[in-house]
Amino acid sequence: MTGPAGRPRSSAGRRERGIGRVRPVRPAPEPAPEPAPEPVAPDREALARTIAMVNDKGGVGKTSLVANLAGQFAAAGYRCLLVDLNRQANLADDLGFRDGPADDQGAGLLMSVVAGTPLRPAADVRPGLDIVPGGARLADLVPVMVSRVQERGRDAFGVLAEVLAPVAGDYDLVFVDCPPETTILTDLALTAARWVLMPTKSDGGGLVGMRLVGERFALARELNPDLGLLGAVLFATGSRSRVVHAEVRDAVAQAFGGHSPLFTTSIRHAERTAQDARRLGRLAHELEQEAAAQPAWWAALRETAAGAPPPRRLSTTAASVAGDYRDLGVELLTLLRTAEDPTSTADARGQEATP
Ligand SMILES: Nc1ncnc2c1ncn2[C@@H]1O[C@H](COP(=O)(O)OP(=O)(O)OP(=O)(O)O)[C@@H](O)[C@H]1O
Ligand SMILES: [Mg+2]
């Protein structure tokens with residue numbers, strides 16, 4: 001049997017799911033102290049569709065991209081998992097589950113890494129979209145990892161791959177949202193993932209962050225030789241200029257060696273849509289539908305009492321932003337399929353990305 005992505009489904013672990021329902025995650029007990037569980041070699045086949053969203057620079061679109069890509073894929077029938085490695089847990093805002101039953105603030109992930117308990121994603125934050133939430137509890141993960149690396153060396157970074165592999169095979173796509181400037185958590189993601197996707201803005205900061213990722217990428221490949229660079233995505237750009245795109249492509253080339261994949265699709269700058277999204281916990285394609293369903297502005301105004309402020313309306317730009325994410329999703333899936341096709345002669349991205 002194949003999944004909607006045309007990928008053979010793992011026979012193990014497929015489960016019946018309720019649609020549109022959030023199952024509470026069991027509250028995790030306090031993390032046990034050392035000793036750490038013995039490392040086991042992760043099932044790399046199960047992790048073959050795991051994509052880490054990485055850039056050391058903050059605010060370049062990592063969270064927006066994973067939320068919207070996974071949300072649109074899930075709406076199209078793909079089974080998706082999001083893993084949030086960020087203490088801020090902005091995914092909880094973007095998907096509107098903060099402080100709800102799914103929000104364990106990172107406790108489940110912490111327990112899995114510290115004590116080896118099976119990872120239990122919160123099911124159906126959207127139909128077909130499960131999540132391993134991040135949050136404040138992940139602050140404890142950094143000192144745990146520091147002491148493990150001192151004890152065992154860099155092999156300790158394999159722990160996320162170990163706990164993720166048993167569930168990853170249940171999904172068509174797994175996205176890992178990485179924090180900015182917390183290199184040790186990024187190392188966990190790079191050691192678990194098959195692919196790196198790197199959003200950037202066209203300004204200097206995002207490009208410097210990219211260079212730092214390039215260095216960590218090279219180190220991660222010593223533990224995870226399959227790791228490949230899927231590409232960079234220009235985020236929140238107002239420019240379709242070829243010059244800007246060429247500059248970004250050069251920066252990727254400098255960070256990752258001669259290989260410089262830049263996605264053709266970029267995500268346009270749309271501040272009001274971004275504000276609506278995070279304020280309401282809606283994805284761009286959901287705002288698109290809600291904006292289309294709202295009454296005409298003059299009809300809404302007619303209902304407003306004299307002197308009252310005009311009703312707040314959703315920006316109709318959401319439709320264009322949702323279209324950008326759709327195009328990006330198609331481009332991403334096409335690349336993955338090409339890379340996975342054993343008969344394809346096309347170069348699988350990232351295989352030569354050795355800085
Ligand atoms: N299309 C857009 N245009 C302009 N701003 C956007 C757009 N989409 C999202 N934003 C805003 O950009 C900011 C950064 O986005 P996001 O949180 O996705 O970045 P990030 O890389 O995950 O940041 P961090 O590293 O802090 O986790 C947020 O305030 C978000 O609301
Ligand atoms: Mg983020």
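**Entry 1**

I began with Val196, which touches Ala52, Val54, Leu190, Phe217, Leu227, Leu229 and Leu230, leaving aside residues up to four places away in sequence. Touching, or contact, here requires C-beta atoms, placed from the backbone, within 7 Å. I note that this is a predicted model, in which local features need pLDDT of at least 70 and side-chain atom pairs pLDDT 80 or more, while totals for chains, interfaces and linings use all residues. Residues are numbered from 1 along each chain as its sequence is written, and chains are lettered from A and ligands numbered from 1 in the order in which they are written.

I then looked up the largest nonpolar core, which has 101 residues. Such a core is a set of buried Ala, Val, Leu, Ile, Met, Phe, Trp, Tyr and Cys residues joined through C-beta atoms within 7 Å. Val196 is among the members that touch the most others, together with Ala70, Leu164, Val176 and Ala189.

**Entry 1. The chain as a whole**

I recorded 12 helices and 7 strands; these are DSSP runs numbered from the N terminus, helices being H or I of at least four residues and strands E of at least two. Of the 355 residues, 47% are buried. A residue is buried with 20 or more other C-beta atoms within 10 Å of its own, exposed with 12 or fewer, and partly exposed in between, C-beta atoms being placed from the backbone. Among contacts between residues at least 6 apart in sequence, 83% join residues at least 24 apart.

Which residues are closest to ligand 1? I found Gly58, Lys62, Thr63, Ser64 and Ala274, in a shell of 18 residues; a residue is near the ligand if its C-beta atom, placed from the backbone, lies within 6 Å of it. The shell divides into 7 nonpolar, 8 polar and 3 charged residues. In this scheme Ala, Val, Leu, Ile, Met, Phe, Trp, Tyr, Cys and Pro are nonpolar, Asp, Glu, Lys and Arg charged, and the others, Gly among them, polar. Helices H1 (62-75) and H9 (271-280) each supply at least two residues of the shell.

I followed H1 to helix H12 (residues 318-340): their axes come within 10 Å and cross at roughly 80 degrees. H1 is therefore roughly perpendicular to H12, a label covering 65 to 115 degrees. Axes are lines fitted to C-alpha atoms over the stretch in contact, with angles from 0 to 180 degrees between N-to-C directions. Asn68, Leu69, Gln72 and Phe73 of H1 meet Tyr325, Arg326, Leu328, Gly329 and Leu332 of H12.

**Entry 2. Helix H3**

I found 8 of the 9 residues of H3 (residues 107-115) buried. These buried residues pack against strand S4 (129-132), helix H4 (141-152) and helix H5 (159-168). Just after H3, Gly116 takes a positive phi of about 75 degrees.

I checked Ala89, whose phi is positive at about 50 degrees. Ala89 lies in the loop between strand S2 (80-84) and helix H2 (90-94), and is buried because 24 C-beta neighbours lie inside 10 Å. Asp124 has a positive phi of about 60 degrees and belongs to strand S3 (residues 122-126). With 19 other C-beta atoms within 10 Å, Asp124 is partly exposed.

**Entry 3. Asp226**

Where is Asp226 found? I placed Asp226 in the loop between helix H7 (204-223) and strand S7 (228-234). Asp226 touches Arg44 and Arg194, residues up to four places away in sequence not being counted.

Conventions. Parallel < 35°, antiparallel > 145°, perpendicular 65-115°, else oblique. Contact = placed C-beta atoms within 7 Å.
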